[in-house]
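This report covers selected local features of one protein chain. The sequence and structure come first.

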Amino acid sequence: MVTLAGPEGVIRVSSCDQAGPLLNILGYRLREGCGKDAALETADPESAFLTIDSGFPLAELEQTLQGGHPFACHFAPTPVPLLFSPDDWTHAGTKGSQNKGNDVLDSLLDDPALARLYWAMARMDTETSASLRQFAGIPRLLPFAPVLDFYGSHISIRNGRMVVPGGAAAESAWKALAEADPESPKEFVARLLAKDDGWLAAYFDTLSRLTPAQQVYFTEAHRLPRFYEALRGKDIGDGPARPVFRPDPDLLLLVTRLELDSSGQPMVPGNLEVWEQILRQKSDSKVVRQWAKRANHWKNPDQLVEALFAFSRQSTEDGPLQIYLMLSAIDGARPPERRLSPQTVRLLAQKFARFGNQYLTFSEFEALNDDSITRFLEVAEVIDRISNVTLRANALGIFQANVGLWQVLARQGQIPAAKVNTSWQAVIGPFAAGSPSSAQLFDSAQASVGELWRAAAGRPNLSQDEVVALLAGPSQSNPDGQRVRQELADRIRSVMDGQRLVSLDTLLALGDGLNELAQGKDVGNTLISLAGQLKEFEMPRPMFTSSERSEWAAGFYNTRHSSLQTRTDLAKIIKSPRSKKELVEARGLVVPFLRDTLVGLNYAYYEPPGAQILLNNPLFVRSHDFSGEMAMGGGQSWHVPHVFGSGLPAGGGAHLAGSLADLPFVLAEAEQDFIVPENVQALIWHELVPGLVSSATLPRWWGVTRNELHAVTLYQRTGEELLTAAAQDEKLRQTVLDILSERMAPQRSEQVGKALRAGAVQEALSRALPGETFYLAAEFRQRFPGQDGHWGKAGEELDALSKEYPAEVSWKRLSDDFGVPHPALAQSYSRELLKVKPFPAFMGYSSRLLAESWDSNNLYWARLADELGYSPAMLNRLVPELTYHMVEKIFATDFEDWPAMLRAMRETGDEFRSGKITTVPKVAVTTSVQ
């Protein structure tokens, strides 16, 4: 391509004769020669894939060959740094590689193992990669390429010594475990990579990602080998580097989220006796059954942790480890006097397989006590026992929708903390008696929503406009807050209108009116008018017959719910009722519409920025399948929903099937394909984008003060001042790098250190994430109080603000308000700034954990808002919008390309500062919701 582009860097084609060499490189050929009917077809699939994936303007070339304008494409070569020397790579290929001895690029493209090794070593720090090359040489490292790819980025050699998790105090334990001395990195790395087909390397890498304080527990001499032997197991099986992706992240989640009490012992929800019983529950896992036998002799929490290491290799969603992580998240947020009782722990564990996805509510709202949790499970089982499939699906939808609305109002502080338990039990209580008929379900639903409005607004009867205003946020006194609240309310209404959902006012009035009509009151004419609104939406005429749908989209679409709605003729019953009982029972005909409206309010609240399905597919909410009969094998009514039917018109189009758990993420997942990236290549997308978008959609910022907003800015600036000062102060530089190493991989920590030593402050700052400068300032102030001579104006202002408003600018307060939810990483929708490094990609999770461990967005957007003079309430508008623009700019080249995220975030910020992103003005308007 470089040759074809010539010295001017432009590939030109004006005739068929000139196109031949280019088409050969691109992997295409002409089907029937040039002319108006000319068409390109694939000749070499691999080359053709690279052509399409690179964004080459193939259509323009085809138009030229059909007789159009001459083709011109700028193609300038991009020099890239080479790791080591060309000979290291051109003479090290595996046996059978065709390009051995040719140039580096050809060698890497021809030999996947060599390419994987190159990629692995390119992510190591310079000293470590050079040491490995010197110790073993590229050919001897080739067999370990997969292990180094997955678990080599945290191998670190400093000054001729191996850096091990736990530091110098743990060297003897690692020496015994690896059977090699860390003082001899050559032998130690060789044993680390070779032992147990990569399991020791995986163990080492996992512990290396922890903070030094966390490492202390795991690397004590009596624990390190025990935990590893449990992980390794009697049957090593396949090594962790053999799959295409890293195995399930349970091992990293275990060590990251394990909480210790004040005595340094692991926290155990309930007690050890309860966990012995949990392990004895029926299990298909041989490993679990074996450990259950040993649990009878447990005397301390370490023995439970040892078993959890063994379970981390089990690929399951509802095993003992998953139960432990969830129950620890629920229990860990509670003060000691309100920890879960052993009975509640046992109950939650017993019901985990069916209801575990619903437990995110309990971890987010730590005020919910044992009685409230137990009551929820009792009511859920009552609903499960409804035998009629349609009635049960409606009960599930209404119950979960009301619980979802309760979460919203409690999260926004509109349900007072003192009323959390009473309001929760009042909202779920009406469903406890079961619903043998649709009419009784209507009564339960009406009673439930009445209690919800009473808890949040002080009265049980609200109009739909009042409900929407309530969901939009608490009442605001300042113009900015009033305007933003009005905009959020308008967006909720837009979704409800787009889904053509019947108003709550109409549905509840119909229910009450039918009761009055049965009592002989003359309300028939009014009810007929209201009943007519149920018929305003008609299902579109199906494109396919029932037999065609069964053939082409079997199992992907359940039309029972929407079909019943189209056949509902309430006006006919009102005009000529056959009996009083028929009028009373007619309220049941309103239930499917009521379910859709309540579910729709949940959908509307979590509308992702740039949503299209919610505004343009009026069947999306109606098609939500709560039945549990979808093609996933049933039993999904309480599980996280899945997007079904995408790209299948015969199946009725995309819809959700399952519960309303994790709804913000699932809606973002459904809508993500409507976001158009600015670049063709956006490798990390499917899991990353919904994670970023839901982290911008779920939080609300009504309780944030101007002091908090400014403190977020000052923490980041103070961190930058510390980095700047570290360039001139060697002692401070080491301290700063030690703190940053808790959030950075060794390679980036080394790069920042080199830049500081060279006085290249701007380069060092460019490599630091906003979350890292924030963390640096917070940790430095905590560890070295009074040492304020290293920062400048921002640090001084932060000191003054902290003294005057200590509660508002504390780490806990800022973490609660500017952190992100972590439903996959920490099993909670509570916002928190976690002290973790960015997570790698894992099998089954792809980049979702990377998104949840990325906490820089909200901090950066808050800083922009503060520096540009926006009020805290404006974050409700700015954060989703700026995140959407950032997503459009992500141009990633690998599954862990966090620099692409940083680049996209900063480009968005630059455009926002320069006014290129049109957003809401700073000046408030006067109209507002009341």
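The sections below describe a predicted model, beginning with a strand pair and going on to salt bridges.

## A β-hairpin

Strand β9 (residues 820-822) and strand β10 (residues 828-832) run antiparallel and are joined by two bridges. Within this pair, H822 stands opposite S828 of β10.

The two strands form a hairpin, with five residues lying between them. One of the turn residues, Q827, has a positive phi of about 55°.

The structure holds 54 salt bridges. In one of them, the side chains of R411 and E364 meet at 2.6 Å, N to O. This pair links distant parts of the chain, 47 residues apart: R411 belongs to helix α25 (residues 389-411) and E364 to helix α23 (residues 360-364).

R411 has a relative accessible area of 21%, so it is partly exposed. E364, at 11% relative accessibility, counts as buried because the cut-off is under 20%.

## Salt bridges within a helix

D490 and R493 form a salt bridge whose closest N and O atoms are 3.2 Å apart. Both residues are in helix α29 (residues 479-498), three residues apart, which means that about one helical turn separates them. D490 is partly exposed at 36% relative accessibility, and R493 is partly exposed at 22%.

R848 and E852 also meet in a salt bridge, at 3.2 Å from N to O. They lie four residues apart in helix α47 (residues 848-852), about one turn of the helix. Here R848 is buried at 11% relative accessibility, and E852 is buried at 3%.

Note on methods:
Residues numbered from 1 in each chain as written. Predicted model: local features only at pLDDT ≥ 70, side-chain atom pairs only at ≥ 80, totals over all residues. Heavy atoms only, no water. Pairing = 2+ DSSP bridges. Salt bridge = Lys/Arg side-chain N within 4 Å of Asp/Glu carboxyl O. Buried < 20%, exposed > 50% of the residue type's maximum accessible area, 1.4 Å probe, protein only.
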